[in-house]
Protein chains: 2
Amino acid sequence: MWNGSVLNNQENATSAIEYWRKIMSDKKSFIPISFNKSEIDGGFWASRIEINRSVTIPIEFKQCKDTGRIDAFKLDWKLGHEPVPHIFWDSDVAKWIEAASYSLVTHPDPDLDSLLDEVIALISSAQQPDGYLNTHFSSVEPDKRWTNLRDCHELYCAGHMIEAAVAHFQATGKRSLLDVLCRYADYINEVFGIGENQIHGYCGHEEIELALIKLYRVTGKREYLELSIYFIEERGKKPYYFDIEAVNRGELPSTHQHGSYSYMQADKPVRTLDSVEGHSVRAMYLYSAMVDLSIELSDESLFVTCERLWNHLHSKHLYITGGIGSSAKNEGFTNDYNLPNETAYCETCASIGLVYWNHRMLQKRCDCRYSDVIERALYNNILSSISLNGDRFFYANPLSAFAGTDPYDCDSHKINPSAFYQRKEWFGCACCPPNLARLLASLGEYIYSESDDALAVHLYVQGEAKMHINGTDMAITQQTQYPWDGVILLKLAMEQSIDFTLRLRIPSWCTKYKVIINGKECNSQGTVEFGYFSIRSNWKPGDEISLNLDMPVMRVYSHPDVRENIGCVALQRGPIVYCIEQADNSVPVRRIVLQKNTEIISEFNHDLLNGVVTLHGNALSAQVNGWEGILYSNEQPVYDHYNFTAIPYYAWANRKPGEMKVWIPELGEQVLDSLKSD
Amino acid sequence: MWNGSVLNNQENATSAIEYWRKIMSDKKSFIPISFNKSEIDGGFWASRIEINRSVTIPIEFKQCKDTGRIDAFKLDWKLGHEPVPHIFWDSDVAKWIEAASYSLVTHPDPDLDSLLDEVIALISSAQQPDGYLNTHFSSVEPDKRWTNLRDCHELYCAGHMIEAAVAHFQATGKRSLLDVLCRYADYINEVFGIGENQIHGYCGHEEIELALIKLYRVTGKREYLELSIYFIEERGKKPYYFDIEAVNRGELPSTHQHGSYSYMQADKPVRTLDSVEGHSVRAMYLYSAMVDLSIELSDESLFVTCERLWNHLHSKHLYITGGIGSSAKNEGFTNDYNLPNETAYCETCASIGLVYWNHRMLQKRCDCRYSDVIERALYNNILSSISLNGDRFFYANPLSAFAGTDPYDCDSHKINPSAFYQRKEWFGCACCPPNLARLLASLGEYIYSESDDALAVHLYVQGEAKMHINGTDMAITQQTQYPWDGVILLKLAMEQSIDFTLRLRIPSWCTKYKVIINGKECNSQGTVEFGYFSIRSNWKPGDEISLNLDMPVMRVYSHPDVRENIGCVALQRGPIVYCIEQADNSVPVRRIVLQKNTEIISEFNHDLLNGVVTLHGNALSAQVNGWEGILYSNEQPVYDHYNFTAIPYYAWANRKPGEMKVWIPELGEQVLDSLKSD
């Protein structure tokens with residue numbers, strides 16, 4: 001086995017990836033083209049990633065610094081001092097390191113590199129002699145280490161630190177943080193396991209499981225993989241570890257605030273899970289690790305479980321925006337088809353976790369269903385979570401907004417009734433902003449996958465990627481204005497021609513497309529496998545593939561059991577879900593009603609919201625004349641004609657606060673025409 | 001001035017009412033025919049009042065006893081004992097006494113009479129030498145008396161005790177509790193007021209204001225009226241007393257959990273109130289006292305304020321069921337037109353308070369708008385709050401129910417996702433059940449009002465009432481199956497003919513009616529004043545007046561700004577609002593859609609839900625065939641024909657738990673016909 005310990009520079013970091021590539025290839029799964037091989041150089045995403053680099057990442061560091069999260073690693077907290085290092089502060093810093101590391105690859109920056117070194121040195125200094133590393137438990141509650149895995153996020157923080165270390169190593173080749181985290185992981189490996197003197201537990205908030213697999217993949221140390229297996233397999237077994245642990249703390253297990261351990265996917269063994277339940281971020285991180293394990297161990301049963309969970313989520317719990325987790329109460333899943341709009345929690349981290357999970361599913365099976373979900377989440381729920389300026393964030397991403405509504409339903413008795421839900425500069429629980437930053441900074445990794453003799457294009461994003469197909473180096477470039485139009489031009493560059501299968505994702509929203517190779521339409525020469533147009537060829541240097549995806553405005557309806565959306569329609573064009581927002585509309589959004597079968601036109605607006613395609617058409621607006629002083633009437637409202645404007649959902653709340661709606665009532669006699677004759 | 005202190009028996013209790021009648025007559029307002037002059041002897045209400053007497057009142061005593069509320073008056077609580085007498089426990093016992101007292105009048109019961117004596121003796125024993133009477137502050141926090149008027153409900157409890165004392169005195173003629181409460185009121189009168197050594201404050205939860213006016217009316221002691229005036233006039237003045245008091249406790253005023261004092265209608269002087277805001281029960285009790293004062297002082301400005309508040313509530317905040325207060329967060333009012341259905345708080349006490357307020361407005365001006373609200377609340381929200389068996393209660397009365405929904409949105413992280421909101425046996429905060437019991441036990445009082453030369457019939461309820469019109473004793477009997485049909489037969493009995501105006505309420509839902517006097521149609525002989533058909537006559541013994549109210553099934557629509565109800569319709573027949581409940585319907589309620597202009601028929605079902613009129617008709621049911629595994633589609637749902645059944649809203653949740661909806665989506669091309677031509 002390849003020994004990760006010899007790695008000490010960028011080349012070796014690269015060879016770690018090569019090593020993983022080889023393993024995956026043996027297992028017949030795809031592997032992503034890594035963030036450090038895939039550059040985004042224009043179009044829709046380049047400017048957003050530049051804002052992420054130049055605005056968001058610096059702001060997030062400043063917040064971590066100003067709020068004490070960085071300095072907590074000095075371990076100089078004293079009783080009575082404020083603020084008290086919080087149990088999950090370390091994870092915020094870790095995600096920032098991860099984001100900053102990815103960013104260094106696409107945009108070398110000596111100052112950021114030095115800042116990272118500085119922060120890592122501080123972190124390193126906080127490591128305990130036995131390898132333990134956690135600011136809260138080292139400085140605030142040193143006697144409580146590992147006493148409350150259920151609630152205290154220790155292994156979760158360790159997991160994020162490990163991900164940061166792996167990213168920093170892959171980005172810079174430096175082992176400074178990686179070595180610290182290997183020592184911590186070695187220590188955790190001593191503490192947890194089946195041995196008599198080991199803790200037979202696992203974390204209430206999943207994360208370390210996927211992190212250990214990443215660590216295994218760069219170090220090759222199988223014990224990290226095995227520890228991940230242990231955490232995953234132990235989860236949900238009876239007697240519940242969380243019960244035992246609670247009793248040890250002198251608490252009644254039943255006092256757990258969320259009632260059931262399904263909140264943390266720990267009510268039954270993972271292979272028996274058959275529905276998405278509980279806290280949605282936790283679920284996504286667990287499922288991600290389960291797919292990783294399924295690949296590593298060639299364990300189909302784990303993949304089958306994930307498929308079952310995926311089907312449940314996709315058919316009953318996924319918002320049209322790619323948001324998941326409808327309730328603030330449990331930050332998670334509720335009942336099937338219960339998808340309220342005003343109070344939709346749709347946590348940013350949950351949608352990001354959904355991307356992580358589906359990205360892993362996609363490597364296991366190159367199936368458009370997974371890339372569709374990635375794209376849905378990315379262009380809608382996830383992008384909505386950050387202001388266009390890159391400096392403000394949503395934690396929850398509701399699908400409609402009215403004065404006084406707030407998806408944090410249970411947080412406060414003090415919601416200002418005249419205020420609209422708006423993005424914030426930071427949060428006490430700040431998991432979302434740095435999670436977004438690390439996703440955007442590594443977005444290149446989500447575009448392509450390679451296998452031994454195939455290249456799959458999952459996302460249409462302008463840029464260039466380098467890869468090694470069938471033994472030969474190759475580069476692929478994409479030119480596209482996607483998602484604003486559906487024309488994508490791909491060019492291949494290599495020294496010599498290569499035999500491989502090119503797989504081009506045909507998004508599920510697209511019903512008409514054309515593939516043109518070197519000027520010649522080739523639809524009939526390929527086959528569609530799992531939603532990918534697949535064409536095997538002896539590809540030559542300079543080959544040009546043009547994909548034209550038809551991108552009309554679509555009206556989308558919900559399953560009839562989504563009771564909030566009965567009689568409502570959503571508008572979508574390409575991957576972009578639209579909303580009507582007050583700033584563009586002269587009548588109150590709440591009064592706007594669409595008509596069946598009216599034409600809706602799209603047009604690109606250069607100067608609006610950093611450039612967006614807007615939708616326009618003839619709609620109706622309910623008249624309130626005649627309703628003065630009247631709340632109920634035997635006459636139904638009368639409507640006026642009204643020309644509406646809709647904007648991409650992700651761009652809402654970037655102007656004057658006002659009403660917003662994704663699901664819009666739709667009226668029309670056609671409903672009756674659809675009535676089955678008896 | 002008549003001296004209340006000479007009263008010591010039932011006759012004198014009656015003469016107290018006579019005294020008030022005289023005052024009111026001088027002031028040209030109506031006064032209600034008292035509960036002890038108005039008997040309900042059949043039809044819709046008699047059986048409900050009998051259940052209230054035989055089931056609800058005994059159960060509520062048992063709950064008060066079992067939970068420690070009664071024994072708290074022993075004042076033997078010791079540190080560490082559970083339960084700790086709660087700050088508003090006294091009010092629950094007080095409302096039970098009030099209910100039991102009213103009940104004694106319509107159904108003499110020596111055992112209940114003795115039980116009341118026993119409880120009153122215990123209460124009397126808890127009175128402190130200075131007159132103070134409060135179980136919590138006498139036994140748990142004796143040093144905190146009057147230190148937190150904002151949150152601690154001391155004067156609120158005193159108010160309910162006073163109401164109980166007045167009711168007990170009116171019902172039995174016994175002064176046992178009245179004397180205790182007069183002493184307490186005298187003490188409060190010493191403690192509060194403009195004097196240098198007096199507290200310049202008022203209660204966070206209004207109630208004592210209306211109670212003191214009741215006490216004034218039975219005792220004739222003007223200082224009680226003046227103290228009420230003080231509490232009302234002082235409210236909302238700056239600097240805020242609640243700020244001063246908080247500082248005295250060493251707290252920051254801004255830490256008040258509800259942010260603004262509008263929560264307790266104390267942000268500005270009462271005459272400047274122009275919108276219904278805050279906690280809805282508190283608002284109703286304050287507004288009730290304001291109308292009382294307006295009558296007592298002939299102060300039109302208070303009535304004008306109440307009219308302004310009434311218009312705001314009625315046009316923007318009243319649920320179709322007569323519920324008010326849409327949010328559990330503040331137990332109160334939110335934004336205009338914000339009337340969510342699943343999370344509708346619609347507290348039982350708030351609707352009862354709405355009845356109290358409108359009943360007072362109605363005495364000031366005999367206007368059908370007020371009696372319409374009383375009737376709407378009574379037959380819908382209020383009656384929904386108790387099971388048909390009389391043994392279970394709703395605190396909140398939502399307008400739709402689905403698995404996992406609960407209007408107590410913020411109460412718990414543990415809502416069982418598969419459970420349906422159901423009535424409970426009791427509550428930690430048990431204000432609602434005894435409030436309902438006292439309203440039902442005194443319902444007779446809401447049917448008629450008299451003035452010098454007029455008799456107004458507000459509610460159509462079978463029974464007999466005695467009154468004194470234009471100097472002559474008279475009795476009126478009503479025979480009716482109302483609300484199931486609109487035929488009401490009134491008969492007059494007196495020694496000699498009397499000149500007076502008979503005012504018969506024509507409910508606002510009724511567009512066609514017939515008045516027949518002694519067999520002769522008389523519509524043209526009367527005039528309609530403020531919604532009352534008014535006919536002046538020299539009425540003779542044995543005169544028979546028949547009122548036939550046309551009672552078709554109505555489709556009701558909401559103001560277009562009630563965003564939850566866009567495209568939805570509610571069904572109403574007479575005063576009864578309907579819902580579709582799962583128990584009667586073979587397809588899931590969430591999939592049922594009504595069609596415009598289809599016939600809806602009504603029929604009386606003797607054996608269903610203690611006898612109700614149900615509604616039936618042709619509706620649609622959304623097909624889910626073809627949606628397996630699909631959450632979103634470009635095709636809208638297809639519908640099947642379906643024959644629906646709707647039941648009175650008040651009767652829901654008395655059978656197998658299941659889905660329920662008041663507002664039902666309605667489809668039809670007619671909407672487009674209503675489009676204004678451009």
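Predicted model: local features only at pLDDT ≥ 70, side-chain atom pairs only at ≥ 80, totals over all residues.
A residue counts as buried under 20% relative accessible area, exposed over 50%, and partly exposed in between. Keep that in mind for A:R392, which sits at 35% and is therefore partly exposed.

**Salt bridges: the overall picture**

- Searching the whole structure turns up 93 salt bridges over all chains.
- Some residues join up in a network: A:E98, A:E163, A:K214 and A:R438 are linked by salt bridges.

**A pair within chain A**

- A:R392 and A:E425 form a salt bridge, and their closest N and O atoms are 2.9 Å apart.
- This one links distant parts of the chain, as the two residues are 33 residues apart.
- You'll find A:R392 in the loop between helix 14 (368-384) and strand 3 (400-401), while A:E425 is in the loop between strand 3 and helix 15 (432-441).
- What about the partner's accessibility? A:E425 has a relative accessible area of 42%, so it is partly exposed too.

**A pair that joins two chains**

- B:R591 and A:D561 meet through their side chains in a salt bridge, at 2.7 Å from N to O.
- B:R591 lies in the loop between strand 17 (576-581) and strand 18 (592-595) of chain B, and A:D561 lies in the loop between strand 15 (553-558) and strand 16 (568-573) of chain A, so this pair joins two chains.
- Are these two buried or exposed? Both B:R591 and A:D561 are buried.

**A pair within chain B**

- The side chains of B:E233 and B:R271 form a salt bridge too, at 2.9 Å from N to O.
- B:E233 belongs to helix 9 (residues 222-234) and B:R271 to the loop between helix 10 (241-248) and helix 11 (280-296), so the bridge ties together parts that are 38 residues apart in sequence.
- B:E233 is partly exposed because its relative accessibility is 25%, and B:R271 is partly exposed at 28%.

**The sheet in chain B**

- Chain B has an open sheet of seven strands in the order 2-6-7-8-14-10-11, with antiparallel pairing.
- Which strands are at the edges? They are strand 2 (38-40) and strand 11 (520-521), each pairing on one side only.
- Strand 10 (residues 513-517) and strand 14 (residues 544-549) pair in the antiparallel sense over five bridges.
- Zooming in on strand 14, B:N548 is the bridge partner of B:K514.

Notes
Residues numbered from 1 in each chain as written. Chains lettered and ligands numbered in written order. Heavy atoms only, no water. Pairing = 2+ DSSP bridges. Helix = DSSP H or I, 4+ residues; strand = E, 2+ residues; numbered from the N terminus. Salt bridge = Lys/Arg side-chain N within 4 Å of Asp/Glu carboxyl O. Buried < 20%, exposed > 50% of the residue type's maximum accessible area, 1.4 Å probe, protein only.
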